[in-house]
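Student: Please take me through this structure and show me how to read its features one at a time.

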Amino acid sequence: MVLAALSATLLAVSAGTAASPQSVTISVSRPSVVFGNTVTLSGKVSDSKVGEKVEVLAEPSGASSFSTLTTVDTTAGGQWTDVVKPTIETSYQAKWKSATSSTVTVKVRPLITLTLVNLSTGTFSTKVTAARSFAGKFVLVQRLTSTGVTTLKKVTLDASSSASFRVRLHHGRSRLRVVMPTSQTAPGYITGMSKVLMVHR
(Lines give C-alpha, C1' and ligand atoms only; values in the text may rest on other atoms or scores of the structure.)
Protein backbone atom coordinates (compact mmCIF):
# COMPACT_ATOMS: atom_id res chain seq x y z
CA MET A 1 0.00 0.00 0.00
CA VAL A 2 2.83 2.37 0.93
CA LEU A 3 4.67 1.58 -2.30
CA ALA A 4 1.50 2.09 -4.31
CA ALA A 5 0.89 5.45 -2.66
CA LEU A 6 4.51 6.48 -3.26
CA SER A 7 4.30 5.49 -6.93
CA ALA A 8 1.10 7.51 -7.35
CA THR A 9 2.77 10.55 -5.77
CA LEU A 10 5.81 10.29 -8.06
CA LEU A 11 3.56 10.01 -11.12
CA ALA A 12 1.64 13.12 -10.08
CA VAL A 13 4.86 15.07 -9.56
CA SER A 14 6.31 14.01 -12.90
CA ALA A 15 3.05 14.89 -14.66
CA GLY A 16 3.07 18.34 -13.06
CA THR A 17 6.61 19.06 -14.18
CA ALA A 18 6.20 17.72 -17.72
CA ALA A 19 7.15 20.16 -20.48
CA SER A 20 4.33 22.33 -21.74
CA PRO A 21 3.33 21.82 -25.38
CA GLN A 22 5.40 23.95 -27.75
CA SER A 23 3.54 26.91 -29.22
CA VAL A 24 4.23 30.05 -31.22
CA THR A 25 1.97 33.05 -31.76
CA ILE A 26 1.62 35.55 -34.60
CA SER A 27 -0.04 38.94 -34.99
CA VAL A 28 0.06 41.71 -37.58
CA SER A 29 0.46 45.47 -37.08
CA ARG A 30 -2.42 46.31 -39.42
CA PRO A 31 -4.89 44.29 -41.48
CA SER A 32 -4.41 46.07 -44.82
CA VAL A 33 -1.68 47.95 -46.67
CA VAL A 34 -1.26 49.99 -49.85
CA PHE A 35 0.90 48.28 -52.49
CA GLY A 36 4.57 49.06 -51.86
CA ASN A 37 4.22 49.55 -48.11
CA THR A 38 5.19 47.24 -45.26
CA VAL A 39 3.55 45.65 -42.23
CA THR A 40 5.16 44.13 -39.14
CA LEU A 41 4.52 40.56 -38.06
CA SER A 42 5.31 39.66 -34.45
CA GLY A 43 4.80 36.89 -31.93
CA LYS A 44 6.29 34.82 -29.13
CA VAL A 45 7.55 31.27 -28.59
CA SER A 46 6.38 29.40 -25.53
CA ASP A 47 9.80 28.72 -23.98
CA SER A 48 10.55 32.49 -23.87
CA LYS A 49 14.19 31.91 -24.85
CA VAL A 50 16.51 34.14 -26.86
CA GLY A 51 17.95 32.88 -30.15
CA GLU A 52 15.19 30.44 -31.10
CA LYS A 53 14.68 30.03 -34.86
CA VAL A 54 11.21 31.00 -36.10
CA GLU A 55 10.21 30.38 -39.73
CA VAL A 56 7.87 32.94 -41.28
CA LEU A 57 5.61 31.29 -43.86
CA ALA A 58 3.63 33.07 -46.57
CA GLU A 59 0.80 32.10 -48.91
CA PRO A 60 0.01 34.82 -51.47
CA SER A 61 -3.41 34.96 -53.13
CA GLY A 62 -3.47 32.38 -55.91
CA ALA A 63 -0.91 30.07 -54.26
CA SER A 64 -1.98 26.62 -53.08
CA SER A 65 0.26 26.26 -50.03
CA PHE A 66 2.50 28.10 -47.57
CA SER A 67 6.21 28.46 -48.27
CA THR A 68 9.06 29.77 -46.11
CA LEU A 69 9.59 33.50 -46.50
CA THR A 70 12.42 33.95 -44.00
CA THR A 71 13.78 32.75 -40.66
CA VAL A 72 14.19 35.11 -37.70
CA ASP A 73 15.73 34.74 -34.22
CA THR A 74 13.80 35.39 -31.04
CA THR A 75 14.86 38.20 -28.71
CA ALA A 76 14.23 38.78 -24.99
CA GLY A 77 11.22 36.89 -23.70
CA GLY A 78 11.04 34.72 -26.80
CA GLN A 79 9.63 37.59 -28.89
CA TRP A 80 10.10 37.68 -32.66
CA THR A 81 9.32 40.27 -35.35
CA ASP A 82 9.59 40.48 -39.12
CA VAL A 83 8.81 43.31 -41.54
CA VAL A 84 7.10 42.11 -44.73
CA LYS A 85 5.95 43.82 -47.94
CA PRO A 86 3.00 41.87 -49.40
CA THR A 87 2.46 42.59 -53.09
CA ILE A 88 -0.98 40.93 -53.12
CA GLU A 89 -3.33 39.65 -50.39
CA THR A 90 -1.15 37.28 -48.36
CA SER A 91 -1.66 34.92 -45.41
CA TYR A 92 1.15 34.38 -42.91
CA GLN A 93 2.04 31.74 -40.31
CA ALA A 94 4.96 31.26 -37.93
CA LYS A 95 6.60 27.88 -37.37
CA TRP A 96 8.84 27.01 -34.43
CA LYS A 97 10.13 23.46 -33.90
CA SER A 98 6.98 21.29 -34.18
CA ALA A 99 4.55 24.15 -33.53
CA THR A 100 2.70 26.23 -36.13
CA SER A 101 0.85 29.44 -35.26
CA SER A 102 -2.62 30.51 -36.30
CA THR A 103 -2.97 32.36 -39.63
CA VAL A 104 -3.12 36.14 -40.16
CA THR A 105 -4.03 37.71 -43.50
CA VAL A 106 -2.96 41.09 -44.87
CA LYS A 107 -5.17 42.61 -47.56
CA VAL A 108 -3.57 44.87 -50.18
CA ARG A 109 -4.92 47.97 -51.90
CA PRO A 110 -3.47 48.95 -55.29
CA LEU A 111 -1.46 52.19 -55.30
CA ILE A 112 -3.40 54.87 -57.19
CA THR A 113 -2.01 58.25 -58.19
CA LEU A 114 -3.92 61.28 -59.48
CA THR A 115 -2.05 64.08 -61.23
CA LEU A 116 -3.15 67.43 -62.68
CA VAL A 117 -1.87 67.65 -66.27
CA ASN A 118 -3.40 70.92 -67.49
CA LEU A 119 -5.43 73.29 -65.32
CA SER A 120 -6.95 75.32 -68.16
CA THR A 121 -8.44 72.25 -69.85
CA GLY A 122 -9.14 70.32 -66.64
CA THR A 123 -7.00 67.40 -67.79
CA PHE A 124 -5.80 64.82 -65.28
CA SER A 125 -3.97 61.51 -65.37
CA THR A 126 -4.24 58.50 -63.09
CA LYS A 127 -2.18 55.35 -62.72
CA VAL A 128 -2.91 52.15 -60.79
CA THR A 129 0.10 50.14 -59.61
CA ALA A 130 0.11 46.59 -58.24
CA ALA A 131 1.74 43.22 -58.96
CA ARG A 132 -0.43 42.70 -62.03
CA SER A 133 -2.03 44.74 -64.79
CA PHE A 134 -5.47 46.35 -64.52
CA ALA A 135 -5.77 47.03 -68.25
CA GLY A 136 -9.41 47.28 -69.27
CA LYS A 137 -10.61 47.82 -65.70
CA PHE A 138 -12.25 51.09 -64.69
CA VAL A 139 -11.80 53.69 -61.96
CA LEU A 140 -14.28 56.26 -60.66
CA VAL A 141 -13.42 59.95 -60.60
CA GLN A 142 -15.05 61.61 -57.60
CA ARG A 143 -15.54 65.15 -56.32
CA LEU A 144 -15.60 65.70 -52.55
CA THR A 145 -17.64 68.56 -51.12
CA SER A 146 -18.95 69.54 -47.69
CA THR A 147 -22.23 67.79 -48.55
CA GLY A 148 -20.70 64.48 -49.66
CA VAL A 149 -19.08 62.63 -52.56
CA THR A 150 -20.18 62.82 -56.19
CA THR A 151 -18.96 60.42 -58.88
CA LEU A 152 -18.17 62.49 -61.97
CA LYS A 153 -17.19 59.78 -64.45
CA LYS A 154 -16.00 56.24 -65.01
CA VAL A 155 -12.64 55.96 -66.76
CA THR A 156 -11.20 52.80 -68.36
CA LEU A 157 -7.52 52.05 -67.86
CA ASP A 158 -5.19 51.44 -70.80
CA ALA A 159 -2.53 48.75 -71.28
CA SER A 160 -0.24 50.42 -68.73
CA SER A 161 -3.04 50.61 -66.12
CA SER A 162 -3.19 54.38 -66.71
CA ALA A 163 -5.70 56.86 -68.10
CA SER A 164 -6.10 60.54 -68.95
CA PHE A 165 -9.43 62.33 -68.56
CA ARG A 166 -11.01 65.74 -68.28
CA VAL A 167 -13.10 67.19 -65.50
CA ARG A 168 -15.15 70.39 -65.67
CA LEU A 169 -13.66 72.41 -62.82
CA HIS A 170 -15.68 74.93 -60.86
CA HIS A 171 -14.17 78.33 -60.04
CA GLY A 172 -12.55 78.21 -56.63
CA ARG A 173 -11.41 75.02 -54.97
CA SER A 174 -12.09 71.49 -56.16
CA ARG A 175 -11.22 68.33 -54.23
CA LEU A 176 -10.90 65.26 -56.44
CA ARG A 177 -9.93 61.63 -55.99
CA VAL A 178 -9.89 58.38 -57.97
CA VAL A 179 -11.41 55.20 -56.54
CA MET A 180 -11.09 51.65 -57.85
CA PRO A 181 -13.84 49.43 -56.41
CA THR A 182 -13.23 45.83 -55.34
CA SER A 183 -15.24 44.64 -58.35
CA GLN A 184 -12.33 45.91 -60.48
CA THR A 185 -9.38 45.13 -58.17
CA ALA A 186 -10.30 41.52 -57.24
CA PRO A 187 -8.99 38.92 -56.98
CA GLY A 188 -6.10 39.58 -54.64
CA TYR A 189 -6.79 43.26 -53.98
CA ILE A 190 -9.39 45.36 -52.18
CA THR A 191 -10.76 48.82 -52.99
CA GLY A 192 -8.06 51.39 -53.67
CA MET A 193 -8.17 55.16 -53.78
CA SER A 194 -5.79 58.00 -54.53
CA LYS A 195 -4.99 60.80 -52.16
CA VAL A 196 -7.35 63.75 -52.46
CA LEU A 197 -6.04 66.28 -54.97
CA MET A 198 -6.93 69.90 -54.25
CA VAL A 199 -7.18 72.13 -57.34
CA HIS A 200 -7.65 75.92 -57.30
CA ARG A 201 -9.03 77.67 -60.34
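Student: Let's start with contacts. Which residues is Val54 in contact with, leaving aside its neighbours within four places in sequence?

Tutor: Contact means heavy atoms within 4.5 Å. With neighbours within four places in sequence left aside, Val54 is in contact with Val24, Val45, Thr70, Thr71, Val72, Thr74, Trp80, Ala94, Lys95 and Trp96. A note on the source: this is a predicted model, where local features need pLDDT of at least 70 and side-chain atom pairs count only at pLDDT 80 or more, while totals for chains, interfaces and linings use all residues. Residues are numbered from 1 along each chain as its sequence is written, and side-chain values use heavy atoms, with hydrogens and water left out.

Student: Where does Val54 stand in the largest nonpolar core?

Tutor: A nonpolar core is a set of buried Ala, Val, Leu, Ile, Met, Phe, Trp, Tyr and Cys residues joined through side-chain atoms within 4.5 Å. Buried means under 20% relative accessible area, exposed over 50%, and partly exposed in between, using a 1.4 Å probe and protein chains only. Here the largest nonpolar core has 40 residues, and Val54 is among those with the most contacts inside it, together with Val24, Trp80, Tyr92, Phe124 and Phe165. In the protein, buried residues make up 36% of the 201 residues.

Student: Tyr92 is on that list. Where is Tyr92 found?

Tutor: Helices (H or I, at least four residues) and strands (E, at least two) are DSSP runs, numbered from the N terminus. Tyr92 is found in strand β7. With a relative accessible area of 2%, Tyr92 is buried. Tyr92 and Thr103 are 11 residues apart in sequence, and their C-alpha atoms are 5.6 Å apart in space.

Student: How many helices and strands does the protein have, and why is it called more spread out than a compact globule?

Tutor: The secondary structure comes to 2 helices and 17 strands. The radius of gyration is 26 Å, well over the 17 Å that the globule rule gives for 201 residues, so the protein is more spread out than a compact globule. The radius is taken over C-alpha atoms, and the rule is 2.2 Å times the number of residues to the power 0.38. Along the principal axes, the C-alpha atoms fill a box of roughly 100 × 35 × 30 Å. Of the contacts with a separation of 6 or more, 58% join residues 24 or more positions apart.

Student: Now for single residues. Is Ser174 buried or exposed?

Tutor: Ser174 is buried, with a relative accessible area of 3%, and has its place in strand β15 (residues 173-180). Not counting residues up to four places away in sequence, Ser174 touches Arg143, Leu169, Leu197, Met198 and Val199.

Student: How should I read backbone angles?

Tutor: Most residues other than glycine have a negative phi, and most peptide bonds are trans. Ser48 is not a glycine, yet has a positive phi of about 60 degrees. Ser48 sits in the loop between β3 (39-44) and β4 (53-60) and counts as partly exposed at 33% relative accessibility. Lys97 also has a positive phi, near 55 degrees, and lies in the loop between β7 (90-96) and β8 (99-100).

Student: Which peptide bond is cis?

Tutor: The bond from Ala186 to Pro187 is cis, with omega near 0 degrees. Pro187 lies in the loop between α2 (182-185) and β16.

Student: Last topic: how much space lies in the largest pocket?

Tutor: Rolling a probe the size of a water molecule over the atoms shows where empty space is left. On a 1 Å grid over the protein atoms alone, a pocket is an open set of points where a 1.4 Å probe fits, with protein on both sides within 12 Å along at least five of seven lines; lining residues have an atom within 4 Å of a point. About 180 Å³ of space lies in the largest pocket. Its lining has 13 residues, and the closest to its centre are Leu111, Ile112, Met193, Ser194 and Lys195. Strands β10 (111-118) and β16 (192-193) each give two or more residues to the lining, with the largest share, 4 residues, coming from β10.

Terms used:
Grid points are joined across faces, edges and corners, and a volume is the space filled by probe spheres set on the points.
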